[in-house]
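Keep the 3D view open and try each task before reading its solution.

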Amino acid sequence: MAGYNLEAIEAAPLKDDMDIVIPTIRSLDFLEQWRPFLKHYHLIIVQDGDPSIKIQVPEGYDYELYNRNDINRILGPRANCISYKDGGCRCFGFMVSKKKYIYTIDDDCFVAKDPSGKEINVIAQHIKNLETPSTPHYFNTLYDPFRDGTDFVRGYPFSLREGVQTAISHGLWLNIPDYDAPTQLVKPRERNTRYVDAVMTIPKGVLYPMCGMNLAFNRELIGPAMYFGLMGEGQPISRYDDMWAGWAAKVVCDHLGFGAKTGLPYLWHSKASNPFVNLKKEHKGLHWQEDMVPFFQNLRLSKESDTAAKCYMELAKMTKEKLTEVDPYFEKLADAMVAWIEAWEELNPPVVDGNN
């Protein structure tokens, strides 16, 4: 299989086709280290918490900054669908972007190095993942066959080798792993030092725990399904915003015939959050995930749901019907999902074909 030229991507990094979305409560000094890789891109910064706090952004970056007052002004009565005091506020940036691709990163993440000592260009690798096909229908034991130096193995059906469009590129982290609170408490000193040089497609029908701190996706294909839920202050659950988005987006990808990849690129996650605070935020989710995961595993979307937005509206209805019996919170979440799609479509009206 013909390889993909990573150097060409680094030389022409599709800077006009990707926005970088960053949720934050603090000044963005961390961007200084990212300057060699992010300086060409437009940033959308979503300030969480108190809007009166002044966020400092390093000079030289092209950016928009939105706080809660801006969210309320732009979305009006639908603003309540955007989480407050939770990383899920980032999805407002997904909504207001007009680019094909989104890359979202947390403000405690830094540039990592590969085993040779070279700094990792996460943008170039994510673009490579997104611009080459996924293979969700049949697993290739040499992982991504579209990487340089590999191919489809013997026994891989030629009818499936074209693959499908990739909608999601899920990157990983060195140093602090993305653990839940109980695991943090049991393994407080554990660090991820393993660099696995692999990208693989997550098979169709298989869910995964999506982490939002190093994530890219094709907004045109899957954007409306990348809703990070209603969590944080005023809600009974937090730290499951990216999990909810990952489960929902994967189900929508499977239904619409798109793929999701995980693996490279790595970044350096610098700071472990407080496990006792996390346990307070997560404790309901730790129980509810035993119902949420089977819900997503077993649902089937209708043929009429032929876009990500239609899929998500149908998913909102199913959430209200099936998960409200777990807790009344899910009725509120389902209503927020509907408000999210309504707001998305208001800010991103569907393109009408003038020939029809």
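**Exercise 1: the partners of a strand**

Find how strand β8 pairs with strand β6 (residues 166–175) in this predicted model.

Solution. Start with β6: β6 and β8 pair in the antiparallel sense, over three bridges. To locate the pairing, look for Ile-168, whose bridge partner in β8 is Phe-217. Next, turn to strand β4 (residues 101–105), which runs antiparallel to β8 and is joined to it by five bridges. Here Ile-105 has Asn-214 as its bridge partner in β8.

**Exercise 2: buried or exposed?**

Work out which way the residues of β8 point, and whether they are buried or exposed.

Solution. First recall that side chains in a regular strand alternate between the two faces of the sheet. In β8, Asn-214, Ala-216 and Asn-218 point one way, while Leu-215 and Phe-217 point the other way. Then check burial: five of the five residues of β8 (residues 214–218) are buried, so the strand is largely enclosed by the rest of the structure.

**Exercise 3: a pair of rings**

Classify the ring pair formed by Phe-94 and Phe-217.

Solution. The count of aromatic pairs comes to 19. For Phe-94 and Phe-217, the ring centres are 5.0 Å apart and the planes stand at 80 degrees; angles over 60 count as edge-to-face, so this pair is edge-to-face. Now place the two rings: Phe-94 sits in helix α4 (residues 91–96) and Phe-217 in strand β8, 123 residues apart, so the pair links distant parts of the chain. Finally, Phe-94 and Phe-217 are both buried.

Key:
Residues numbered from 1 in each chain as written. Predicted model: local features only at pLDDT ≥ 70, side-chain atom pairs only at ≥ 80, totals over all residues. Heavy atoms only, no water. Buried < 20%, exposed > 50% of the residue type's maximum accessible area, 1.4 Å probe, protein only. Helix = DSSP H or I, 4+ residues; strand = E, 2+ residues; numbered from the N terminus. Pairing = 2+ DSSP bridges. Phe/Tyr/Trp six-rings, centres within 6.5 Å; stacked < 30°, edge-to-face > 60°.
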